Amino acid sequence: MAQHYFDSDPGTASRPSTADLVLPDLHLRLRTDRGVFSPDRVDLGTRVLLESVPPPPAEGRLLDLGCGYGPISLTMASRAPGARVLGVDVNSRAVGLARRNADDHGLGNSWFGVVAPEGGLAVEQGEGRSPAAEDLLGPFDAIWSNPPIRVGKDVLHAMLRTWLNRLTPEGVAHLVVQRHLGSDSLQKWLDAQGLPAERVASRAGFRVLAVRRAA
């Protein structure tokens, strides 16, 4: 059976590698591996998001939904050292890599958790780091995400409903979605859910949507 980056426990043989995240304000060399999303390079959608979003809140709780090996989470943690950053993913290999990348770069304000199909969250703690229980489920002051569109609409929609409704009343989520993979239809669906979505950037075939919590 083919393995996907959204499998919980990839059976693909490990082949560790690295990928460089290069932004105007940041350069991180990140551990990657087979069986995770975009293992050979930080994908273009993620870079479009990270080059388009406003600065994260300096304090509070921040979330990376579908964190992979951590480029978004660790950018948030670096740009907002006074905030507490949680990255979540279904892929246990990716979460382990993200935790090691946080440790490599001394970003002790970040934690990473594996989301189980039934909704549970098992947190991978870093060196000497243990999150407070209230940091794990929000509410979140900001959410950044390159969501797993290929997981299918039913799963994607359930995931977005769950986590976007954990924004604070003033919180904003920024999502990056490729146009030909349904960014415009996703924006309409979010609006229909009472999650107002506005396109705030468009580049290289990707849309960045700013989303607020349902009233």
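Of the 215 residues of the chain, 50% count as buried. The structure is a predicted model. The chain holds five helices and ten strands. Contacts between residues at least 6 apart in sequence were also examined by separation. Of these, 64% join residues at least 24 apart.

Two of the helices were examined as a packed pair. Two packed helices are described by the angle between their axes and the distance between the axes. Helix 1 spans residues 44-52, and helix 2 spans residues 71-79. They pack at an angle of about 20°, and their axes lie 10 Å apart. Angles under 35 degrees count as roughly parallel, and helix 1 and helix 2 are therefore roughly parallel to each other. The crossing of helix 1 past helix 2 is right-handed. On the helix 1 side, the contact is made by Thr-46, Leu-49 and Leu-50. Helix 2 contributes Pro-71, Ile-72, Thr-75 and Arg-79. By class, four residues in this contact are nonpolar, two are polar and one is charged.

His-157 is found in helix 4, which covers residues 153-164. Its relative accessibility is 14%. Buried means under 20%, so His-157 counts as buried. Neighbours within four places in sequence were set aside for the contact list of His-157. On that basis, His-157 is in contact with Leu-186 and Trp-189. With Trp-189 there is also a polar contact: the side chains of His-157 and Trp-189 are joined at 3.4 Å.

Definitions and conventions
Residues numbered from 1 in each chain as written. Predicted model: local features only at pLDDT ≥ 70, side-chain atom pairs only at ≥ 80, totals over all residues. Heavy atoms only, no water. Axes fitted to C-alpha atoms, helices over the stretch in contact; angles between N-to-C directions. Helix = DSSP H or I, 4+ residues; strand = E, 2+ residues; numbered from the N terminus. Parallel < 35°, antiparallel > 145°, perpendicular 65-115°, else oblique. Left-handed = near helix turned anticlockwise from the far one by under 90°. Contact = heavy atoms within 4.5 Å. Nonpolar A, V, L, I, M, F, W, Y, C, P; charged D, E, K, R; others polar. Buried < 20%, exposed > 50% of the residue type's maximum accessible area, 1.4 Å probe, protein only. Polar contact = N/O pair within 3.5 Å; in protein donor to acceptor, adjacent residues only side chain to side chain.
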